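Good morning, and thank you for coming. Please look at the sequence and the structure as they are shown here.

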Amino acid sequence: MSNKFVAKYDEESDVLFIYHSGKKSRGSIELGKDIHISFSPKFEVTGLEFLEASKTLSLLSNNKITKEELSNLKKGYLDTTIDKGLIIVRYYLFFEQKEKPIIEQLVVQDIHYKSPITGWIVLIHKDYWARFL
């Protein structure tokens with residue numbers, strides 16, 4: 001699986017992009033202002049983009065990651081698990097200067113998950129507005 005992923009870092013703009021080389025992206029969602037998760041037309045995770053990558057990855061991993069280290073990134077890849085209404089995206093970063101890889105995860109709600117609570121929120125919301133109309 002890891003050989004299908006490409007990790008590219010642009011030191012000048014401090015952006016890291018990890019993507020699946022064989023899949024096309026249909027669109028993306030933002031997690032905060034500095035993380036974008038790309039999806040295929042089948043809503044499979046195809047890539048992860050980190051803006052202000054050195055700062056963002058340092059914060060997420062609780063490890064200092066410099067622009068120089070990112071410039072010398074050996075490889076990076078993604079692993080995705082969908083379970084109980086969540087999409088768990090693990091990212092793996094292997095550096096020249098570090099013994100151990102950075103392995104972290106991001107979690108977002110699966111857009112196909114049908115929560116029974118969502119129905120109640122909509123009903124309560126409609127009822128609330130109906131009383132004021």
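I shall describe the strands, and then a helix.

The model is predicted: local features need pLDDT of at least 70, side-chain atom pairs count only at pLDDT 80 or more, and totals for chains, interfaces and linings use all residues. Residues are numbered from 1 along each chain as its sequence is written, and side-chain values use heavy atoms, with hydrogens and water left out.

Let us begin with strand E1, residues 5–10, and strand E2, residues 15–20, which run antiparallel and are joined by 6 bridges. Helices (H or I, at least four residues) and strands (E, at least two) are DSSP runs, numbered from the N terminus; two strands pair if DSSP finds at least two bridges between them. Tyr9 has Leu16 in E2 as its bridge partner. E1 and E2 form a hairpin with 4 residues between them, and Asp14 in the turn has a positive phi of about 55°.

E2 is also joined to strand E5, residues 45–50, by 4 bridges, again antiparallel. Here Ile18 stands opposite Leu48 in E5.

I turn now to the open sheet, whose 3 strands follow the order E6-E7-E8 with antiparallel pairing. Strand E6 (73–83) and strand E8 (102–109) stand at the edges with a single partner strand each, so one side of each has no neighbour in the sheet. From one strand to the next, the twist averages 20°; axes are lines fitted to C-alpha atoms, for helices over the stretch in contact (heavy atoms within 4.5 Å), and angles run from 0 to 180 degrees between N-to-C directions. E6 pairs with strand E7, residues 86–95, over 10 bridges, and Asp83 stands opposite Leu86 in E7.

Finally, helix H1, residues 53–61, lies across E7 and E8, running at about 90° to E8.
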